[in-house]
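Morning, everyone. Let me walk you through one structure, piece by piece. Please have the viewer open.

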Amino acid sequence: MERRILLDLFPEELGAWLVDQGQPAYRAQQLFAWLHRGTPFAQMHTLPQALRQTLAESCVDLPMSLRQAFPSQKDDTVKFLYALDDQNLVEGVLMRYHYGHSLCVSTQVGCKMGCAFCASTLEGCVRSLSAGEMVAQVVLANRYLGQRGRVGHVVLMGSGEPMDNYDACVRFLRLINHPQGLNLSLRNVSLSTCGLTDGIRRLAQEGLPVTLSVSLHAPNDALRQRIMPVAKAYPMASLMEAVRDYVRRTGRRVVFEYALIDGLNCELSHARELAALLRSLQCHVNLIPLNHVSERDLRPAPPQKIRAFLEELQRLRISATVRREMGADIGGACGQLRRSHLPTQS
Ligand code: SAH
């Protein structure tokens, strides 16, 4: 019999299971709180010994482990390599900002979106993660931090496309927000998508105050289609319409991610086209110096071009910043760390 991953479940669902086992329903709150603190069944000392035994036999307390942590020598960033129970690997990044610890969470093993600059997608998508497997990444990061603090911010920007694993991602958001668990404010959470508009429209109706981040990377369809296959299925006009709908319904500012790639999307004319596209939209542009991925022949734009692009956007009254490069020495770009630990392909 397959063992149940309890981190996938809300207290009500744990309660139903516990009642089936002849336990009082209030045990569900205790169990939920222990699980989200990362306590193994054996140490859940408010639960009866016999129940702990049954749980250990038929359920999973933590569906993954921290295989290795790679602290940056340059800043406070740490890259994590996690091993799932089926031996698949995913990665995460823990960053320290002035406002606290922020964790980048993976939503899938690999990714099927095929973006030309991204290492996560090189082997396609192996499988989606369950909500509990995403919660476990936060639990393990908290365990790693110990007395040094707790994860206060989460970005769904690790490997995978959240909108391609929609239900599990929304469940994850509600689980980490639960007051009896991690109680993380969803105002401190960003969900990043390559632009699956159906997902954006659905998310707008969930009533979750998360920040939507859209990986745009180009100011028009022709250019976007060259680097992001998803742009063929979801043209810019429908994407922007879904984003405007998101802003209207949630009242929240949307963030656009734009990686500057040498010779491709970083001319001043692109900045002007981008500014025109985003005009009158409540948004912020996050310019990212492209992380070079050795399997891809795309190169980062030179610093002076990045600065000029930023200044042009600001001159045109578009709120924009350049993302700080963190952990550049530990394989910062998506999917690089996992790839370096995969068996070599023949
Ligand atoms: N699938 C989602 C979330 C994961 S990718 C999405 O596409 O948004 C997280 C962010 O990293 C995205 O903005 C993605 O475009 C960007 N990214 C991927 N590879 C990169 C690279 N080599 N350099 C810079 N940014 C990269």
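This is a predicted model: local features need pLDDT of at least 70, side-chain atom pairs count only at pLDDT 80 or more; totals for chains, interfaces and linings use all residues.

**Sheet first, then helices**

Strand E11, residues 211-215, and strand E12, residues 254-260, run parallel and are joined by three bridges.

Now the other neighbour. Strand E10, residues 189-193, also pairs with E11, in the parallel sense, over four bridges. There, Ser190 stands opposite Thr211 of E11. As a reminder, strands of a sheet pair through backbone hydrogen bonds, parallel or antiparallel.

How covered is E11? Mostly: five of its five residues are buried. Side chains in a regular strand alternate between the two faces of the sheet. Here, Thr211, Ser213 and Ser215 point one way from E11. Leu212 and Val214 point the other way. All of them are buried.

Zoom out. In what order do the 10 strands of the open sheet run? The order is E3-E4-E5-E6-E9-E10-E11-E12-E13-E14, and the pairing is mixed. From one strand to the next, the twist averages 25 degrees.

H4 packs on it and touches E3, strand E4 (78-84), strand E5 (89-97), strand E6 (100-104) and strand E9 (151-156). The direction of H4 makes about 50 degrees with that of E3.

Next, helix pairs. Two numbers describe a packed pair: the angle between the axes and the distance between the axes.

First pair: H4 and H5. Helix H4 (residues 131-145) packs against helix H5 (residues 166-177) at an angle of about 45 degrees, with the axes 8 Å apart. That angle makes H4 oblique to H5. The crossing of H4 past H5 is right-handed. From H4, the contact uses Ala131, Met134, Val135 and Val138. They meet Ala168, Cys169, Arg171, Phe172, Leu175 and Ile176 in H5. What is the split by type? Nine of the contact residues are nonpolar, none is polar and one is charged.

Helix H1 (residues 11-20) and helix H2 (residues 27-37) have axes 8 Å apart and an angle of about 120 degrees. H1 and H2 are therefore oblique to each other. This crossing is right-handed. Pro11, Leu14, Gly15 and Leu18 of H1 meet Arg27, Ala28, Gln29, Leu31, Phe32 and Leu35 of H2. By type, the contact of H1 with H2 has seven nonpolar residues, two polar and one charged.

Asn183 is in the loop between H5 and E10. Its phi is near 55 degrees, a positive value in a residue other than glycine. Buried, exposed or partly exposed? Asn183 is partly exposed, because its relative accessible area is 48%.

His217 sits in the loop between E11 and helix H7 (221-227). Phi of His217 is near 65 degrees, again positive in a residue other than glycine. His217 counts as buried, because its relative accessibility is 5%.

Then Ser294, in the loop between strand E13 (283-289) and helix H11 (303-315). At a relative accessible area of 64%, Ser294 is exposed. The C-alpha atoms of Ser294 and Ala119 are separated by 8.8 Å, and these two are 175 residues apart along the chain.

That's the tour. Over to you.

Key: Residues are numbered from 1 along each chain as its sequence is written. Side-chain values use heavy atoms; hydrogens and water are left out. Axes are lines fitted to C-alpha atoms, for helices over the stretch in contact, and angles run from 0 to 180 degrees between N-to-C directions. Helices (H or I, at least four residues) and strands (E, at least two) are DSSP runs, numbered from the N terminus. Angles under 35 degrees count as roughly parallel, over 145 as roughly antiparallel, 65 to 115 as roughly perpendicular and the rest as oblique. A crossing is left-handed if the near helix is turned anticlockwise from the far one by less than a right angle, and right-handed if clockwise. Contact means heavy atoms within 4.5 Å. Ala, Val, Leu, Ile, Met, Phe, Trp, Tyr, Cys and Pro count as nonpolar, Asp, Glu, Lys and Arg as charged, and the others, Gly among them, as polar. Two strands pair if DSSP finds at least two bridges between them. Buried means under 20% relative accessible area, exposed over 50%, partly exposed in between (1.4 Å probe, protein chains only).
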